[in-house]
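Trainee: I am new to this structure. Please take one part of it and go through that part closely.

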Amino acid sequence: MAIHHQILIIGGGTAGIMTAAQLLLKNKSLDIGIIEPKEIHYYQPAWTLVGAGTYNLKKTGRPMIRIIPKGAKWIKDYVTSFNPKNNSIYTKKTGVISYNYLVVAPGLVMAPELIEGLPEALETGIACSNYINPKHTWSSIKNFKGGNAVFTQPTTPIKCGGAPQKIAYLAADYFKKNNLSDKSNVIFATPGSTIFSVKPIKETLMKVIYKYGIHFKPFYAPFKIDIDNKVIYFKNTHPNENKCIIMEGSTLNERSTGNSIIEIPFDMLHIAPPQTAPNFVRDSVLVNDTGWLDVDHQSLQHTKFKNIFGLGDVAALPTAKTGAAIRKQVPIVVNNITLLLSHNKLGTKSYNGYSSCPIVTGYGKMTLAEFDYKGNFTPDPMLKKMLVFNSSKEHWRLWLLKKYGLPYIYWNKMMKGKDV
Ligand SMILES: Cc1cc2nc3c(=O)[nH]c(=O)nc-3n(C[C@H](O)[C@H](O)[C@H](O)COP(=O)(O)OP(=O)(O)OC[C@H]3O[C@@H](n4cnc5c(N)ncnc54)[C@H](O)[C@@H]3O)c2cc1C
């Protein structure tokens, strides 16, 4: 007999667990199923600190069984496809599962194959990535003896858009403290046009870049890695507009080979791999033409199927993909589903695109970028209680928030569905 749940959630990550926990706090008699294949749930934001040798990887994971909210049914399986017209999905082992409401929250997947040579570079350890193996990033930083340390990110959307630059600042700080600055070039190359789109944060980060002497390369889109010669290739997407900041006395050995192609040899390479929605989502009728889950930006309801909601990294929302964004998305989804169940109508609350990126700028320092769909800087008034009066500036209290406060809030509040 086919399995049925009143509310079926795909994914036991940040978004799936938080949604289930909040729904059950509102009404513990709801019948909720969570489909999640993995045994361990990770607090990924701490991987930046693991990559910088200042956080224990083991402390970032907890057994899924302890995270699934009491009252929800854990279906340990993979979803393979959707049948939204029949209100059902298919799974690998359990077969068909039907629902009244579906919440799609399977996150995103790494797609290193979209950059030539990247799968091999990651497999052989020639490149490191906090997105895949933060412990290897830390060994790469520790073992760096000088030369070019390249930090870069792809042209696809990525989760936590600030993560590729955070590790560049931490590495630059580490090299400085270990007297390696004189014999090294730290390069931050990004396909984007600016270091950060929120103005006060950008101003702080440009000062940080100058302070460390980082070579900042906007409009650099990585497309190929030569692992034998340890060279990374970029397409310079705006050669005429490129306002690269090239530090004096550079020994980068950067070469332009025409057609706006740039080669940079490296001694250390940190890269955020290209990222896409999982295949079973991309191959479904639920996506927009860029391949991400097509939901209304305010209500998070699917644009075609009204009993489907989507949130988290998989959703096609024009804001940064972060856990902090999910913290503000979940109450909207929960409110809408609860009201649909009780009154057959959507709620009036809407998601304003809030997201936040805690940008660590060195050991013991951080600036907190909080913003909405319009790119307005929207600092949380609660920060004043922590005696942080301008979170766009570097502050040691913000570092403490990142290292101790946010993990505590994550495990004890967000995962339990409590208000934060
Ligand atoms: C290095 C790094 C640093 C970061 N820093 C920050 C930060 O400082 N602040 C911040 O707020 N955010 C940060 N993030 C981002 C944050 O961790 C993510 O945005 C968040 O975890 C996304 O939650 P999600 O529920 O959408 O996806 P996930 O948490 O990835 O969960 C998705 C779940 O769906 C499951 N799933 C996948 N496919 C299927 C399937 N076919 N069937 C069933 N289940 C499936 C997966 O197993 C997974 O458990 C960082 C991320 C990384 C990697």
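Mentor: Lys217 counts as buried, because its relative accessibility is 0%; buried means under 20% relative accessible area, exposed over 50%, and partly exposed in between, with a 1.4 Å probe and protein chains only. This is a predicted model, in which local features need pLDDT of at least 70 and side-chain atom pairs count only at pLDDT 80 or more, while totals for chains, interfaces and linings use all residues. Residues are numbered from 1 along each chain as its sequence is written, and side-chain values use heavy atoms, with hydrogens and water left out.

Lys217 belongs to strand E13, residues 215–217. Helices (H or I, at least four residues) and strands (E, at least two) are DSSP runs, numbered from the N terminus. The side chain of Lys217 makes a polar contact of 3.0 Å with the side chain of Glu254. Such a contact is a pair of N or O atoms within 3.5 Å; within protein, one must be able to donate a hydrogen and the other to accept it, and residues adjacent in sequence count only if both atoms are side-chain atoms.

The loop between E13 and strand E14 (220–226) holds Phe219. Phe219 is also buried, since its relative accessible area is 9%. Its phi is positive, near 65°, although Phe219 is not a glycine. Most residues other than glycine have a negative phi. Asn179 likewise has a positive phi, near 55°. Asn179 sits in the loop between helix H6 (163–177) and strand E12 (184–189). With a relative accessibility of 66%, Asn179 counts as exposed.

Helix H5 (residues 134–143) shows both states. Pro134, Thr137, Trp138, Ser140 and Ile141 are buried there. These residues lie on the same side of H5, because they cover an arc of only 160° around the axis, the arc being that of the directions from the helix axis to the C-beta atoms. An α-helix has 3.6 residues a turn, so residues three or four places apart point the same way. Lys135 and Asn143, on the other side of H5, are exposed.

Last, the ligand. A backbone N or O atom of Ala15 lies 2.9 Å from one of its oxygen atoms, and a side-chain N or O atom of Glu36 is 2.5 Å from an oxygen atom of the ligand. A nitrogen atom of the ligand is 2.9 Å from a backbone N or O atom of Val79.
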